[in-house]
Amino acid sequence: MSQASDGMKLAAYSAGTEAAPRTESTTVAEARRQMEICNACRYCEGYCAVFPAMAMRRAFSEGDLTHLANLCHNCKGCFHSCQYAPPHPFGVNIPATFATIRQESYAEYAVPRAMGRLFERNGTVVAGISALALTLVLLLVVALQDPSVLWSAQTGTGAFFRVIPYTVMVNLASLTFGWAIVAMILSSWRYWRGTAPRSRLPLSGPAVAEATMDVVLLRNLGGGGHGCNDLDDGFAQKRRWLHQAMAGGFLLCFAATSVGTVYHHILGWFSPHPFWSLPVQLGTWGGVLLCIGAAGLLYVKAVTDPAPVARRLLGGEVAMLALLFLIGATGLLLLAVRHTGAMGITLALHLGLVLAFFLVLPYSKMMHAPFRALALLRNAMEKRR
């Protein structure tokens, strides 16, 4: 094909001659226009998982575009290498467009459906619920607990539970976290059904293994292998390392809670445990990694090139990272003051933040984790079709 015909084809794609269904958002229609330009160009075909998946398609349904958007890890390599990126008239900006579609997909598949509206001003929602949960826990602890217990040093077996009874702590956490997990599973099921292709894809062991390794290694945060373009067109692995630190912190904190549960219910060993015990060590290093990951990602978002960023989504992302950092920081602070008179109020602060996290979990940027994992699984299945 000649350069002239290439230009005519791209111009036709840019014009958006194909009408979009009425139910589609303007972002979906814009994403289709940009994907058709990319599918004609294919300069970025080897950059990440998105473009090989794009090349399998000649047309892009709304489900396909939602799948590709969640397969995107926002490395921004395509933006900095694209000859049709702004200020070119075609205005191709895949990272910003796909980020908006991802946010729309979280709202579209939220359970219950009405809760999807919380994504419209997610920064305000996350900050507001965090403030309310924190205030409520602090007020209840101060109002209901004997000051001589709350403000004095509590040591020995069951010290934490003298401030907040074990049944209250466990039941409240179980109810909120349990609902968060149920809502995330149901939302993920709706996402899978909503983005599934018409022809059934075979689920195989190798596809599951590949997707699992992609999730564990965060392979696609390496872009085409060199890293992400966080600040400019230079490659770096910072986001990949910071995400791995955060994921590792989550797993270690979950492991600490699980081991502590075994200690409490099976072995009869009640917290607070010695510093060198397994649950304390797991929780300590989990908190450290969580703080490093959250603070590092906040810094990256503050200094990153704004051109390929969907700025209206930044508030929700910053609010969630700040909440995660505060959870890790107050957990470490609780470890430091647990044998002093500051333990009671610090425990209330920490548990209030954890409660807020459980409440907003299915209605925040954290939904990118299950949706992206399912997108990676579908991609691995498509490659074996």
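## Glu 45 and its surroundings

Once neighbours within four places in sequence are set aside, Glu 45 is in contact with Phe 51, Pro 52 and Ala 55, where contact means heavy atoms within 4.5 Å. Glu 45 is found in the loop between helix H2 (26-41) and helix H3 (50-55); helices here are DSSP runs (H or I, at least four residues), numbered from the N terminus. Because its relative accessibility is 34%, Glu 45 counts as partly exposed, on a scale where buried means under 20% relative accessible area, exposed over 50% and partly exposed in between, with a 1.4 Å probe and protein chains only. Glu 45 and Arg 162 lie 117 residues apart in sequence and 60 Å apart in space, C-alpha to C-alpha.

This is a predicted model, in which local features need pLDDT of at least 70 and side-chain atom pairs count only at pLDDT 80 or more, while totals for chains, interfaces and linings use all residues. Residues are numbered from 1 along each chain as its sequence is written, and side-chain values use heavy atoms, with hydrogens and water left out.

## Nonpolar cores

The largest nonpolar core has 65 residues, and those with the most contacts inside it are Met 35, Phe 51, Phe 98, Met 320, Leu 323 and Phe 357; such a core is a set of buried Ala, Val, Leu, Ile, Met, Phe, Trp, Tyr and Cys residues joined through side-chain atoms within 4.5 Å. The largest share of this core, 7 residues, comes from helix H16 (residues 368-383). Phe 51, with neighbours within four places in sequence again left aside, is in contact with Met 35, Cys 38, Cys 44, Glu 45 and Cys 78. Apart from this core lies another, of 16 residues, which include Leu 150, Ala 159, Leu 334 and Leu 347.

## Helices H7 and H15

Two packed helices are described by the angle between their axes and the distance between the axes. The axes of helix H7 (residues 122-144) and helix H15 (residues 343-360) come within 8 Å and cross at roughly 140°, the axes being lines fitted to C-alpha atoms over the stretch in contact, with angles running from 0 to 180 degrees between N-to-C directions. H7 is therefore oblique to H15, given that angles under 35 degrees count as roughly parallel, over 145 as roughly antiparallel, 65 to 115 as roughly perpendicular and the rest as oblique.

By class, the contact of H7 with H15 has 16 nonpolar, 2 polar and no charged residues. In this classification Ala, Val, Leu, Ile, Met, Phe, Trp, Tyr, Cys and Pro count as nonpolar, Asp, Glu, Lys and Arg as charged, and the others, Gly among them, as polar.

## Helices H4 and H10

Helix H4 (residues 62-71) packs against helix H10 (residues 166-195) at an angle of about 125°, with the axes 8 Å apart, so the two are oblique to each other. Gly 63, Thr 66, His 67 and Asn 70 of H4 make the contact with Tyr 191, Gly 194 and Thr 195 of H10, and by class this contact has 1 nonpolar, 6 polar and no charged residues.

Gln 281 has its place in helix H13 (residues 278-303) and, because its relative accessibility is 16%, counts as buried. Not counting residues up to four places away in sequence, Gln 281 touches Phe 275 and Trp 276.

Helix H12 (residues 238-267) and H13 pack at an angle of about 155°, with their axes 7 Å apart, which makes H12 roughly antiparallel to H13. The residues of the contact of H12 with H13 divide into 20 nonpolar, 9 polar and 1 charged.
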